[in-house]
Amino acid sequence: MKPARTKTPRKPLVKKGSQTSLKDPVGVYCRVRPLSFPDQECCIEVINNTTVQLHTPEGYRLNRNGDYKETQYSFKQVFGTHTTQKELFDVVANPLVDDLIHGKNGLLFTYGVTGSGKTYTMTGSPGEGGLLPRCLDMIFNSIGSFQAKRYVFKSNDRNSMDIQCEVDALLERQKREAMPNPKTPSSKRQVDPEFADMINVQDFCKAEEVDEDSVYGVFVSYIEIYNNYIYDLLEEVPFDPIRPKPPQSKLLREDKNHNMYVAGCTEVEVKSTEEAFEVFWRGQKKRRIANTHLNRESSRSHSVFNIKLVQAPLDADGDNVLQEKEQITISQLSLVDLAGSERTNRTKAEGNRLREAGNINQSLMTLRTCMEVLRENQMCGTNKMVPYRDSKLTHLFKNYFDGEGKVRMIVCVNPKAEDYEESLQVMRFAEVTQEVEVARPVDKAICGLTPGRRYRNQVRGGPVGDEPLVTEVVLQSFPPLPSCEILDVNDEQTLPRLIEALEKRHHLRQMMIDEFNKQSITFKALLQEFDNTVLNKENYIQGKLNEKEKVISGQKLEIERLEKKNKTLEYKIEILEKTTTIYEEDKRNLQQELETQNQKLQRQFSDKRRLEARLQGMVTETTMKWEKECERRVAAKQLEMQNKLWVKDEKLKQLKAIVTEPKPEKPERPSRERDREKVTPRSVSPSPVPLSSNYIAQISNGQQLMSQPQLHRRSNSCSSISVASCVSEWEQKIPPYNTPLTVTSIARRRQQEPGQSKTCIVSDRRRGMYWTEGREVVPTFRNEIEIEEDPCCRGDVYKTRGGGQSVQFTEIETLKQESPTGRKRRSSTAAPAQPDGTESEWTDIETRCAVAVEMRAGSQLGPGYQHHAQPKRKKP
Ligand code: ADP
Ligand code: MG
């Protein structure tokens, strides 16, 4: 069956509100230990240096689909079965030690099931020193010669350090050494063979850039957390083998900088790797004894080994430590060997031990929860409370996760099949932990004193540590002098012994001098040889130097040439830049000018447009005016012509009537009464217009038509002349422009010729006039037409005048609009009344014309019109 390969499902890294630049993720590494027996089933495979793959072992196979699952897990780095302790140290712990020396904290813990190699990784085995001894070695290699004298730094119970002056420190040293059972281990003591090969680290490892102007002190402490209780493994308590007392647990406290610490925990100052490891070993032994005595499962406890590095600057002379507590920098590296992460039932623990084991698992569970909450907070931007306080373990390391240093975890796995399920859990925890970010620790503050103080002090010959002088060593190597006291005169032994001793010393001295001379000769020869070598090398170097100098001088010349060229080019560039500036200036000016011209042009264009519009308006106006004027004139002319035509018609009709009428025998001057009677039947033509009452009133007043009747006034003597002569006379009397025209006829013609636009226009124009008390008034206009009443035919007379005078219309339109009845009534009263009752001055022709006009109008208006019109014409 083909295995189904699935890459570990990784949640997308969506980080909210995290300042990635100032945070580092927890570094999680994986170490796979070799199988105990080569024929064991292996369930973990290292794919590459960052990935491992878990194979489901035989018994676990067949998931729902019938496949067996293979899951891959990624780490910062994976260390396979062949990885050495040094390789692991270089990658994982070396940077932490480097940070420690530079004043930054670090936390390194091993996590995994029991037997996966946590202790092996942390402590090591004989001949295979783990991370802990290597860390110690690196620390002492780095600060070795800059260590402060013992008891210069003194730890207090507030998780900080005090400084003592040299004298106080010396006194305390003497006091402690005088004690029967010195608690402080001596660095000169023999190393315990039990762990001697664990700390015999061959690889010399040292931190870079160690501050030489500081003095350093190293303090170690070692605690165990078991069943959520903290025990101090370095505490000196008298041990009673008969009734062993259970160890006292310690409390956690927070210092003024909010760092958690174990209150009252023993901190031992150590001066070398051996000494430090001895302290650790002591604690380890104690742990083992306690576990045995108290029937504990040792794999169920967490052990924490703290290395505290204290550093303080040298004073300005570079002689002693600066006695300022504020200048002390304390950094700490915690190396934690966690309890086995397996579930309780797997350990087959019973009774009391089961309960304890459960608790231990609980603290690992809390660690898991803390990691999960931290990750959630960082990724989702939430602010959930991290349950650090739920266990002593997490509470103690709270500061690390809140940003007090680097955190690194080594996940140890045993690839054997039985551990498969537990290894899966371990992998899952590792996955979560990898995504947690911890704030990057800040660099330590600089003290402000000039660097290089220690070096300058040594040059001056100041104290150089604890090293004894050469002369002292030489003196110590001589055999001791016997007692020189001569107590007895006969003493023959003391002096010869003394002489012998002195002779020995002399001989020794002579030998030493000889040796020294020999050595010095050899040394001189060596020196000579060295000198020669140096000389040769010097010569060789000189030759090389000369060569190089030549090359250099050549290059200098080249540089000079290039510089000159550069200068020329720079000069050219300058000129070009200046030219460019000038051109740019010109361009700007021209552009400005162009803009101004454009604006001017636009202004002119808009002016032109405006003028055009105005002219157009004027032209249109004038055209309209003239068109109106022309129309008016044409209408006037038409009216005039029509009137003329009508008059001629009338004349012709009358002539026809005269011609057809039988002539009386004797021409007799008829009376007015008779005249009227005679004339009336002759008239057949309708009257041009029926007169309005207004008009009649005007006439009766005799104001407006005073001159007109005079024009037509005839003497009685003329009544006897022939009709033809009368007609010709009448024709002559009427001026061409004063041709009367009845409104009725105009109206009729208008009706008869509806298609003639000009007539219509006249009519329209008339409609545009406005009325004032029975009169239409034409608005003032330049060439207006003056309309006057012609009393002769009681119609309107149109006169054009050159001047701008107003024109008056009589009630032509009023009449037109009135009903036939009204017209009848009016026409009945339309006869020219003579107010004074004098004789009518109407001539025959006039009368006839008027009657004819009336008749004509009557024929248009209705059948009763003519009938009424004639009898109403009464004599004046
Ligand atoms: P843990 O502390 O996790 O319970 P140990 O460190 O005590 O496990 O390891 C159990 C045994 O396995 C020890 O004997 C140890 O020497 C051995 N061992 C563990 N890891 C390795 C390794 N990487 N190489 C060789 N031996 C190992
Ligand atoms: Mg262990």
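Tutor: Let us start with a definition: a residue is called buried when its relative accessible area is under 20%, exposed when that area is over 50%, and partly exposed in between. Please keep in mind throughout that this is a predicted model.

Student: Is Tyr-151 buried or exposed?
Tutor: Tyr-151 is found in the loop between α3 (131-143) and β11 (153-155), and its phi is near 70°, a positive value in a residue other than glycine. The relative accessibility of Tyr-151 is 7%. Since buried means under 20%, the word that applies to Tyr-151 is buried.

Student: Which residue has a polar backbone atom 2.7 Å from an oxygen atom of ligand 1?
Tutor: The shell around ligand 1 includes Arg-31, Arg-33, Gly-117, Thr-119 and Tyr-120, so we can look through the contacts made by some of these, given that a polar contact is a pair of N or O atoms within 3.5 Å. A backbone N or O atom of Gly-117 lies 3.1 Å from an oxygen atom of the ligand, while Thr-119 brings a polar side-chain atom to 2.6 Å from an oxygen atom of ligand 1. The contact at 2.7 Å that uses a polar backbone atom belongs to Tyr-120.

Student: How much of the accessible area of ligand 1 does the protein cover?
Tutor: On its own, ligand 1 has 550 Å² of accessible area. The share of this area that the protein covers is 67%.

Student: Which helix gives the largest share of the shell around ligand 1?
Tutor: By type, the residues of this shell divide into 3 nonpolar, 5 polar and 3 charged. The largest share, 3 residues, comes from residues 118-122, which form helix α2.

Student: What is the angle between the ring planes of Phe-397 and Tyr-400?
Tutor: Phe-397 and Tyr-400 are both buried, and their ring centres lie 5.9 Å apart. This pair is also tilted, so its angle falls in the class between stacked and edge-to-face, and the value is 50°.

Student: Which residue lies over the face of Trp-281?
Tutor: Trp-281 belongs to one aromatic cluster together with Tyr-222, Phe-277, Phe-280 and Phe-305. At 5.6 Å from the ring centre of Trp-281, the residue lying over its face is Arg-288.

Student: With which residue does the side chain of Arg-375 make a polar contact?
Tutor: Arg-375 lies in helix α8 (residues 351-380), and it counts as buried because its relative accessibility is 13%. At 2.7 Å, its side chain makes a polar contact with the side chain of Glu-435.

Technical notes. Residues are numbered from 1 along each chain as its sequence is written. Chains are lettered from A and ligands numbered from 1 in the order in which they are written. This is a predicted model: local features need pLDDT of at least 70, side-chain atom pairs count only at pLDDT 80 or more; totals for chains, interfaces and linings use all residues. Side-chain values use heavy atoms; hydrogens and water are left out. A residue is near a molecule or strand if one of its heavy atoms lies within 4 Å of it. A polar contact is a pair of N or O atoms within 3.5 Å; within protein, one must be able to donate a hydrogen and the other to accept it, and residues adjacent in sequence count only if both atoms are side-chain atoms. Accessible areas come from the Shrake-Rupley method with a 1.4 Å probe; for residues, only the protein chains shown count as cover. Helices (H or I, at least four residues) and strands (E, at least two) are DSSP runs, numbered from the N terminus. Ala, Val, Leu, Ile, Met, Phe, Trp, Tyr, Cys and Pro count as nonpolar, Asp, Glu, Lys and Arg as charged, and the others, Gly among them, as polar. Rings of Phe, Tyr and Trp (its six-membered ring) pair if their centres lie within 6.5 Å; planes under 30 degrees apart count as stacked, over 60 as edge-to-face and the rest as tilted. Buried means under 20% relative accessible area, exposed over 50%, partly exposed in between (1.4 Å probe, protein chains only). A charge sits over a ring if NZ of Lys or CZ of Arg is within 6 Å of the ring centre and within 35 degrees of the ring normal.
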